[in-house]
Every structure is written in structure tokens, then in C-alpha cells.
Amino acid sequence: MQKPDALFPAPVQPAGSLPIDLKRSLSFADLLIHGLIFIGPLAPFAIYGYLSSISKDMVVLAYLVGALAMSFTAYSYKLLSADFPLAGSVYAYARRAIGEKTGFVAGWMLVLDYLLMPAVVYLAAANALHDIVPSIPRWSMVVGFIAIGTVVNFIGVEVTAAMNKILLAVQLALLAVFLVLGAYALSHGAGAGHLTMKPLYRPEAFSVGLVFAAVSLSATSFLGFDAISTLAEEVRGDSRRIVGRATIASLLLAAALFVAQTWIATDLANGRSFASPDTAMYEVAAIAGGKGFGSLTACLCAVMFGLTSAGVVQASISRLLFAMARDGRMPAFMATVHPRFKTPYGSLLFVAVASIAISMVFLNHFDVIALLINFGAITGFLILHVTVVVHFVGRRGSRAYFRHLVCPAIGFAILAYVLYYMERAAWEIGLCWLALGAISYAIFLRKRHPLRSPAVEPC
């Protein structure tokens, strides 16, 4: 059996070395906004065309099942973040509750999710903007957004938090206008002419396999609530309580927004064909408010997607890499913290370079990269649910079986089913990534890097 990490001694810094402490400055509101911005109130705009095709227009059903699956995952995050208030998310939890190998696998699979996430958001931004100004190459848009994100995150998490509030306000305002115009257009004969049950259930097209295949893509929109836990070491106040509350709240709010906008969008589209799956939602926006509103929506979404990734996505992956590097399970330069800004600038620079490379590879394969993100995330979430059972029932002898056994078991079963229905390409690349992780683990184990993570006593 693996031996779970016991209480780690506080790190001893060599003379002249950089500190590894991150600056504590975030409140519950900051975390909630961080989660909502990472998820993105407008996230369905990026994948609606693909999701509508896969789900046979039952987009709302796909989002509701996805929200149900992720609610169990959010609850598991709440339970573990209270006992382990550390940066590193599932990696930190599994490593301490189960053992070194399981922790590394969890962290490695989340790296696949988080490392691809900046690229997919930047590509979504480029796709939206390219439809308006086709003369500007998409690759140059991607590089520009990445440069902004790196600078913002380098300066500090407070700048990111301040920018998040502005971005969230703009996104919610745009979404409100879309919902009002869409409802007005429906009531005046556009699309189906009224709200129908088709976005939720079409008996002639329904099948369990189809729904879970759609959920394997819709889950992309929800990813981000889990990223709140990566900021646990930068929370001001009781992080053990605040992180869990913010995680669940952000997921529930996002789910409500997704259902509202896709229900109206699907009835407005009413089975029509789109010019491109990348621009499907902007075509629906044009139905709701005219061609000008469709173009404005595409432009604002491009800016929002780009700056969202700049503000939160790069911040979260850099913290995960920081936590793993601090434990000697990633290259040491990723654990370097800037002496003035107190930000993990080594991992930030790595994420910037990696995002450019990944974006160029998947420039014309947006749907594939979205599925790969879900493969990494769902694999990590499966380990998360196992960690809850092992930590609370196995190690601590908890008899609260509904919270610590039934809930994680249900969450595990739903996600395992979603994973089963993923496309073959996602499985092939995902398993190759896992194999690469095994090789990397063997290399770092042979080097025997010292463990430098801070001591945390489980509550």
C-alpha cells in the first residue's frame, strides 16, 4: 500500500533563497467571482454549436445532467478543502489522504485539464473575433491575449481579482440583454414562437448514450469551480470554510445561467442549421436582436473569453504547478515566487509558453481540445471522490455515511459513465498523457527531490 504523507515539517529555506509563501488577500466574494469568471457566464457561447449537434438539440438536458454530476464533485471539494487548505487542489488532497503515487496521478491529470484550458479559452476568443475581423490571423490574437494574461498574473492576484469584477459585470450585463431580447423575439414569433420542452427532452431522439456523450462536452462549461481550491493559500480569513462555500455557490449560479440562455437559444434556433459550430450562438444572437447585436455579442465574447483566461485560467494552473514543484514533483523553477509581487512567476512563464504551443497545434480542432480537457478533469474528479471515502471513512472512521460515502459514490458513478462515453480520440491522447506522467514520476522519484510543502493538520 502507498503510505500517505504525514504532517510535513515546515519548509526550511536556504540562505538567500526565495520565499514560498503566497500573499493572503482574497475574500469569499473574490473566490466566488474567480469561480464564476473561470467557468464563464457566457461559456455556452463557445461550444453551443457542437453541443447542439451532439445532443440532438437537447442542450438543456445536457447541462442539467452535467450540473448534477458536478454538484457531487463540488461537495467533495468542499469536504476536502476544509481539511486540507492548500494550493494544489486534488493533487494536495489525494497525496495526503491516499499516498504519493495517487496524488501525483491526480495532479498530473488535472495538469492536462488546466494546461489545455488557457488554450481553449484563447481559441474561443479568437474564433469569435475572427468572425468580425477575418483579416487578423487567429494565431496573432491568441498570442496577444496570452501576453496580457501573463503580465496581469505576474503583477499579482489582487490585480486579477479587481479585473475579474469588471469582467463579471460586463458578462452578466450582456447575458441579461441576450435573455431579454431572446424572450421578446420568441414572444413575437421568432424560432419556435414560444418556450418549448424540446431543449429538455425529445422522446424521438433521446437515449442514455446520447445524453452522456453530450455531457462529456457540456462539462467543459462547468470547469472552473474546482479552480477555487488552487487559491486556498491566498485566502484572507478562514480558508477551510470559505473555499468550500465559494466552490458550491459558483457552480450553482453558473448552472442556472447556462440553463436559461441555452433554453432560449435552442427555441430561437428551432432546429436550424448553422454556418459554423464555432459561431452558432452568435447566429442565434442575431435572431434575437438583429445582425448588429450578433456582431456585438461576438466581439464582446471574444474580449471576455480572452481576458477571462488572462485573469483566472493562467492564475489557477500556475498555482497547481507551483504546488507540485514545491513538493519536488515538477521542475524546481516552477516553485519560484517573485520577491516583490509574491506570485509564482516561474510557473506563469511556463504556462504562457505552453499555451502558445498548444493553441497553435489545436488551432483548427476546437472540439477535440475541449474533450481532452474533460478527460483530464473527470479523471482527477474520480480520484477526488475516492479520496473523500479513504480520508473520512477509511482513515478517520467517520460514520456520516451519506456525506462521506454515498455522495462521493454517486458522483463517481456519474462521472465514470460520462468518461465511458467520451470519444476514442480523447481516450487515446488521455492515456498517452497518463503514460507520460508515469515516466515523469519515475524521473522525479529517482532524483529524490525533498518534500517542501507546508505542514497542515487535518481537522
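Mentor: A nonpolar core is a set of buried Ala, Val, Leu, Ile, Met, Phe, Trp, Tyr and Cys residues joined through side-chain atoms within 4.5 Å, where buried means under 20% relative accessible area, exposed means over 50%, and partly exposed lies in between, with a 1.4 Å probe and protein chains only. The model before us is predicted, so local features need pLDDT of at least 70 and side-chain atom pairs count only at pLDDT 80 or more, while totals for chains, interfaces and linings use all residues. Residues are numbered from 1 along each chain as its sequence is written, and side-chain values use heavy atoms, with hydrogens and water left out.

Trainee: Which residues have the most contacts inside the largest nonpolar core?

Mentor: They are Met70, Phe178 and Phe305, in a core of 140 residues. Helix H5, residues 100–130, gives the largest share of this core, namely 21 residues, a helix here being a DSSP run (H or I, at least four residues; strands are E runs of at least two), numbered from the N terminus. Apart from this core lies another, of 8 residues, including Leu26, Leu31, Leu231 and Ala246.

Trainee: What is Met70 in contact with, leaving aside its neighbours within four places in sequence?

Mentor: Contact means heavy atoms within 4.5 Å, and on that basis Met70 meets Ala219, Phe222, Leu223, Phe225, Leu251, Phe381 and Leu415.

Trainee: Why does Ala128 count as buried?

Mentor: Ala128, found in helix H5, has a relative accessibility of 0%, which falls under the cut-off for buried, and therefore it carries that name. Beyond four places in sequence, its contacts are Tyr282, Ala298 and Ala302.

Trainee: What makes His385 buried or exposed?

Mentor: His385 has 1% relative accessibility, so by the same cut-off it counts as buried. This residue has its place in helix H13, residues 366–395, and, not counting residues up to four places away in sequence, His385 touches Phe72, Thr73, Ser76, Pro408, Gly411, Phe412 and Leu415.

Trainee: How many salt bridges does a search of the whole structure find?

Mentor: The search finds 6, each being a side-chain nitrogen of Lys or Arg within 4 Å of a carboxyl oxygen of Asp or Glu.

Trainee: How do you know that Asp83 forms a salt bridge with Arg396?

Mentor: The closest N and O atoms of Asp83 and Arg396 are 2.5 Å apart, which is within the cut-off, and therefore the pair qualifies. Asp83 lies in helix H3, residues 59–83, and Arg396 in the loop between H13 and helix H14 (401–420), so the pair ties together parts that are 313 residues apart in sequence. Asp83, with a relative accessible area of 6%, is buried, whereas Arg396, at 42%, is partly exposed.

Trainee: What separates Arg424 and Glu428 in helix H15?

Mentor: They are 4 residues apart in helix H15 (residues 424–447), and therefore about one helical turn separates them. Arg424 has 67% relative accessibility and counts as exposed, while Glu428, at 41%, counts as partly exposed.
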